[in-house]
Amino acid sequence: MFGLYLHIPFCEKKCSYCDFYSLESTEHIDAFVNTLLTEIDLRSPVMPSGACPAEGRVEAHTSVFFGGGTPSLLSPEAMSRIITRLHERYTIAPDAEWTMECNPGTVTPERLAAYRTAGINRLSFGVQSFTASELTFLDRIHDADEAVAAMTMAREAGFDNVNMDLMFAVPGQTMETLSYNLSRMLQLAPDHISAYSLIYEHGTPLFARLKKGLITPTSEDIDAAMYALVITTLTDAGYEQYEVSNFARPGKQCKHNLTYWHGENYIALGPSAHGFIDTTRYWNHRSLTAWTTKVNAGELPEANRETLTNEELCTEYLFLTLRADGTPIAEFEQRFGVDLRSALQPDLGHWIDAGFVIDNGTTLRLTGEGYRVCDEITVKSIQFVDRVPSSLRSSG
Ligand code: SF4
């Protein structure tokens with residue numbers, strides 16, 4: 001797997017909880033598109049090891065993800081220009097997944113049909129809730145009816161792969177309103193659901209209100225009960241949980257997210273975007289101005305980059321795969337020279353006995369019960385890196 005991520009840093013209005021980089025004004029959106037095309041050109045010769053265009057060994061991208069921000073603020077024409085340029089500069093698999101994040105308040109049937117024609121084949125709607133007071137609390141620009149209409153429009157435009165985001169542990173939310181939100185979402189039959197607990201990110205308006213004592217956050221017990229309700233409701237409805245927060249119909253797992261969670265390479269473009277190639281992580285300037293200045297000077301707009309040690313790569317790989325669809329035992333040994341089953345003892349035995357982890361012979365995977373205590377398990381499991389082999393720590 002090999003991903004491509006493009007960050008589109010514009011929103012109609014900032015949501016109170018959001019710490020993604022985005023601007024409320026779309027004044028510079030046309031100039032942004034031109035600069036993004038230039039960054040595509042600048043970045044395209046950078047290939048991961050093992051792929052050499054000159055020798056005809058090219059690793060095709062299996063997923064392209066337009067995130068933000070609100071990519072659905074881009075006109076279909078702009079999206080089409082970007083997609084055309086990506087095809088010119090990169091080798092993209094014919095069956096690649098092309099996702100665009102959409103705010104339900106920004107779409108029309110015509111726009112969605114045009115995005116589909118341009119090559120987008122997967123949509124991700126930030127729905128969050130169907131309860132008016134919760135949407136207002138989160139400062140969302142859409143209401144429940146618009147979320148329903150967006151899904152109808154998406155299906156009519158030919159999208160057969162649609163995600164919806166759902167949020168729980170919103171102050172004021174009850175088990176009843178969460179249950180209502182889940183049932184409204186299930187009535188729309190999305191192919192994929194991402195369900196997240198509200199996080200109070202530093203620097204957001206919501207965090208400031210929390211610090212001033214203006215908000216009573218949901219208690220840990222209720223948060224846990226809500227998460228349990230989400231897991232039970234969605235798995236009973238036929239969705240497979242394949243990551244702590246992600247649920248999919250069979251065959252509809254998000255390829256792009258699996259690229260992240262399997263420790264595979266992804267190139268990232270746009271302000272604040274983070275990429276990962278082989279052992280190096282880079283991140284672009286989190287400022288439209290700084291990013292634009294660099295790109296227009298013909299330089300990669302990276303704020304910084306770091307090369308991960310073997311120990312860090314091992315820790316990250318174990319953490320990400322265990323929280324997702326499981327850690328492949330043979331591949332782990334091949335990558336890091338560590339017998340995972342032995343390294344995780346005696347904890348692994350306890351987790352299996354308690355029904356939190358399954359060893360199916362090839363993979364160690366969390367169960368539904370295991371996902372509920374996944375923070376505890378993942379934190380404990382990565383501690384083995386401190387105990388075992390010195391070869392792991394010295395070979396990075
Ligand atoms: S629409 Fe999405 S990216 Fe924009 S502010 Fe809201 S949550 Fe953040």
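Ile-358 stands opposite Arg-365 in strand E15. Before going further, note that this is a predicted model, where local features need pLDDT of at least 70, side-chain atom pairs count only at pLDDT 80 or more, and totals for chains, interfaces and linings use all residues. Residues are numbered from 1 along each chain as its sequence is written.

Strand E15 belongs to an open sheet of three strands, ordered E13-E15-E14 with antiparallel pairing. The edge strands are E13 and E14, and each pairs on one side only. E14 and E15 pair in the antiparallel sense over three bridges. Pairing here requires that DSSP finds at least two bridges between two strands. Helices (H or I, at least four residues) and strands (E, at least two) are DSSP runs, numbered from the N terminus.

| E13 | 327-328 |
| E14 | 357-359 |

Now to the helices. H1 (residues 29-43) and H2 (residues 76-89) pack at an angle of about 10°, with their axes 10 Å apart; axes are lines fitted to C-alpha atoms over the stretch in contact, and angles run from 0 to 180 degrees between N-to-C directions. H1 is therefore roughly parallel to H2, a label for angles under 35 degrees.

Note on methods:
Parallel < 35°, antiparallel > 145°, perpendicular 65-115°, else oblique.
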